[in-house]
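Thanks, everyone, for making the time this morning. I would like to walk you through one structure, and I will take it piece by piece.

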Amino acid sequence: MSPTGKLLIGGGTGENAEPNRLRWNLSKQQIEEEAQALMCRTRRVYDRVGSLDPAEVTYENTLKELADIEVEYTVQRNILDFPQHVSPCKEVRAASTEADKQLSEFDVEMSMREDVYLKIVALQNKCQAKELRPEAKRYMDRLLKLGKRNGLHLCKEKQEEIKTIKKRISTLCIDFSKNLNENTTFLEFTQDELGGLPDDFINSLEKVESGKLKVTLKYPHYFPLMKKCYVPETRKAMEQAFNSRCMEDNAQILKELVALRKKKSDLLNFKTHSDFVLEMNMAKNSKNVTVFLDELARKLKPLGEEERAVIIDLKKEECAKRGFDFDGIINAWDLRYYMNQVEEVKYFVDQNMLKEYFPMEVVTAGLLDIYQELLGLTFELIENKPVWHEDVKMYSVKDAASGELLGQFYLDLYPREGKYGHAACFGLQPGCLLPDKTRQITVAGMVANFTKPTPSAPSLLQHDEVETYFHEFGHVMHQICSQAEFAMFSGTHVERDFVEAPSQMLENWVWEKEPLLRMSKHYKDQSMIPHDLLEKLLKSRLANTGLFNLRQIILAKVDQSLHTSSNANIDAKEEYARLCKEILGVPASPGTNMPATFGHLAGGYDAQYYGYLWSEVYSMDMFYTRFRQEGIMSAKVGVDYRNSILKPGGSLDAEEMLKCFLGREPKQEAFLLSKGLRIDQAKKSTPSAC
């Protein structure tokens with residue numbers, strides 16, 4: 001869609017573009033063969049670099065060789081391992097998962113090449129820093145740092161032990177995620193047992209042989225039911241099933257993962273696995289994260305207690321009204337239901353009415369229009385190009401001023417069996433320089449699980465789903481607007497506790513009147529959201545903010561506890577239950593094991609879940625300092641944001657990018673205000689002292 005809101009439709013990518021090299025039609029056999037061939041080609045390059053005489057190393061035969069093969073390897077690897085998340089064919093998903101395991105083991109092998117590491121050390125000793133471009137110098141420094149973090153400065157015996165541990169960790173993480181993706185658990189309920197759910201939800205459910213209705217544990221079923229069903233026993237059954245998915249298998253995997261991570265950090269002389277991970281992040285160490293989470297929890301607890309008291313009163317009234325026994329507590333299966341009740345009763349936001357103004361096609365059109373105008377881009381729908389499923393749509397992205405093609409993205413928005421169960425952005429082809437120094441375009445894919453339209457009903461989004469859409473698409477834009485030279489620094493390859501900030505900042509647009517009006521129309525008559533409903537929605541932004549953020553702190557603390565404990569046999573389930581009671585005052589359901597369903601623990605966020613809250617300090621500072629002050633649809637600020645925050649990718653430190661965009665050091669005041677907290681004016685501090 002162009003900035004004017006007119007959708008462009010085309011069949012190509014532009015005459016001067018580097019191609020999209022991705023392929024989505026590989027068979028099981030082709031995936032197996034391509035994986036072997038890719039490892040063979042890549043190993044030859046590493047062998048060549050590793051065999052160099054230290055006196056003969058140059059930028060061209062060492063760093064550039066490694067950078068060039070990294071570009072090729074990344075693209076081809078994504079072709080092979082992405083289908084496990086999205087392919088409609090179970091056989092292809094299984095082959096892709098197996099290829100991912102093999103390639104992950106291969107990644108470990110290559111990361112442990114001491115001969116290659118020593119050639120980079122030789123190059124560092126040989127060349128002056130000024131002889132390398134700044135990003136090339138950063139690339140060399142990063143490879144040296146990663147070499148040490150892999151133990152390549154240690155004795156051979158320890159190197160082999162680390163290699164074995166890394167391979168095992170990789171396999172376990174893949175299995176943990178696969179178990180969740182392939183889970184097909186469903187429950188059966190009568191229509192009376194689904195009381196409170198709207199007709200469009202009921203009508204979308206499949207009937208089973210018993211005559212009951214089939215409800216899965218996928219997001220489009222689980223979350224609406226937990227928010228709207230007034231039958232406590234139904235919510236209880238769903239919540240317990242949801243937090244028991246893959247419980248036995250994943251609990252064992254998680255236990256082994258935690259022990260292996262601890263063992264590896266011990267071998268590398270780090271105090272804890274968390275300290276090992278955080279060395280590369282803005283937080284730097286686990287102590288800073290602990291202080292941040294503890295201080296934030298302390299400030300949020302009074303707010304959480306107020307909100308909990310409101311929910312208890314609502315529950316008492318509801319039980320009296322419906323003839324249920326009132327137990328005087330908030331159960332895990334009550335929380336989402338009564339948090340939704342707070343929005344509807346206290347803020348008068350009717351979520352069922354509201355979603356009628358957010359049909360998928362209107363939200364998508366408005367979202368694309370806003371992003372184009374804000375960032376100075378033009379999107380074009382590409383037709384008749386191969387994709388992995390008929391639901392998938394593909395777009396190209398050009399710079400609006402120059403017409404230069406920057407990249408392409410896929411939207412895969414609806415659930416299906418075996419598909420990745422959450423919402424995420426996948427980088428598929430890194431935007432970086434190719435061996436001939438021309439630029440390769442970025443390609444990214446957004447995968448989500450919004451309600452799929454049917455012949456009789458459109459896809460209508462809850463407002464929080466609109467927020468999720470905006471957030472994940474922000475990651476897509478980060479991928480595509482990045483202009484790094486090296487694949488290692490492309491797109492979202494920034495510090496993990498900063499990576500969410502650009503997308504979190506863009507969530508603010510779904511809480512502003514003008515953008516909301518641009519992405520909403522009633523699905524029947526195209527009317528705008530009524531003024532009073534819109535005002536109520538905007539006022540509800542702080543609804544439940546204490547309880548919501550205390551739950552985020554629980555998840556971050558579980559993650560930290562697992563990865564800082566001196567006890568390798570720490571029980572994740574018990575730790576989660578303890579923190580729920582201590583921080584939230586809402587007990588975990590007996591017999592469940594939420595950490596076994598917590599994909600982040602095996603999905604690259606180990607010891608880093610705190611980053612969602614940490615990065616909000618920066619996202620809110622960016623929004624309130626620039627966009628709120630100068631205009632939320634200001635093209636000037638949007639271009640500054642694109643150039644200062646998105647364009648560098650990971651080629652600069654996050655702190656440097658923030659200073660450039662803000663014109664000063666980051667502050668936390670906007671973050672605290674966004675949580676409904678008062679600011680202590682005497683205390684001006686960065687995240688670690690929140």
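**Aromatic pairs and their surroundings**

Let me begin with Phe470, which is buried, with a relative accessible area of 1%. Please keep in mind throughout that this is a predicted model, and that what I say about individual residues comes from that model.

Phe470 belongs to helix α17, which covers residues 463-481 and has 19 residues. From its first C-alpha to its last, α17 reaches 27 Å, close to the 27 Å expected at 1.5 Å a residue. Is this helix enclosed by the rest of the structure or open to the outside? Because 17 of the 19 residues of α17 are buried, the helix is largely enclosed by the rest of the structure.

Now to the rings. A pair of aromatic rings is described by the distance of the centres and the angle of the planes. The structure holds 37 aromatic pairs. In one of them, the rings of Tyr371 and Phe470 have their centres 5.1 Å apart and their planes at 35°, so this pair counts as tilted. Since Tyr371 lies in helix α16, residues 360-375, and Phe470 in helix α17, the pair ties together parts that are 99 residues apart in sequence. Tyr371 is also buried, with a relative accessible area of 1%.

The pair of Phe598 and Tyr609 is edge-to-face, because the ring centres are 5.0 Å apart and the planes stand at 75°. Both residues lie in the loop between α22 (572-584) and α23 (611-630), so here the pair ties together parts that are 11 residues apart in sequence. Phe598 is buried at a relative accessible area of 4%, and Tyr609, at 8% relative accessibility, counts as buried as well.

Which residues do ring pairs link into a cluster? They are Trp24, Phe82, Trp388, Tyr410, Tyr420 and Phe426.

Arg235 lies over the face of Tyr337, at 4.3 Å from the ring centre, and the charged end of Arg322 sits over the ring of Tyr230, 3.7 Å from its centre.

If we leave aside neighbours within four places in sequence, Glu114 is in contact with Leu152, Lys156 and Gln159.

**Strands and backbone angles**

Turning to strands, β8, residues 424-429, is mostly covered, with five of its six residues buried. Five bridges join β8 to strand β11, residues 442-447, and the two run antiparallel; the bridge partner of Cys425 in β11 is Met446.

Finally, a word on the backbone. Most residues other than glycine have a negative phi. Cys246, although it is not a glycine, has a positive phi of about 50°, and this residue is found in the loop between α10 (232-242) and α11 (247-267). Asn384 is likewise not a glycine and has a positive phi of about 60°; this residue lies in the loop between β5 (377-382) and β6 (393-399). Which of the two terms, buried or exposed, applies to Cys246, and which to Asn384? At 16% relative accessibility Cys246 counts as buried, whereas Asn384, at 77%, counts as exposed.

Conventions:
Residues numbered from 1 in each chain as written. Predicted model: local features only at pLDDT ≥ 70, side-chain atom pairs only at ≥ 80, totals over all residues. Heavy atoms only, no water. Helix = DSSP H or I, 4+ residues; strand = E, 2+ residues; numbered from the N terminus. Expected span 1.5 Å × (residues − 1). Buried < 20%, exposed > 50% of the residue type's maximum accessible area, 1.4 Å probe, protein only. Phe/Tyr/Trp six-rings, centres within 6.5 Å; stacked < 30°, edge-to-face > 60°. Lys NZ or Arg CZ within 6 Å of the ring centre and 35° of its normal. Pairing = 2+ DSSP bridges. Contact = heavy atoms within 4.5 Å.
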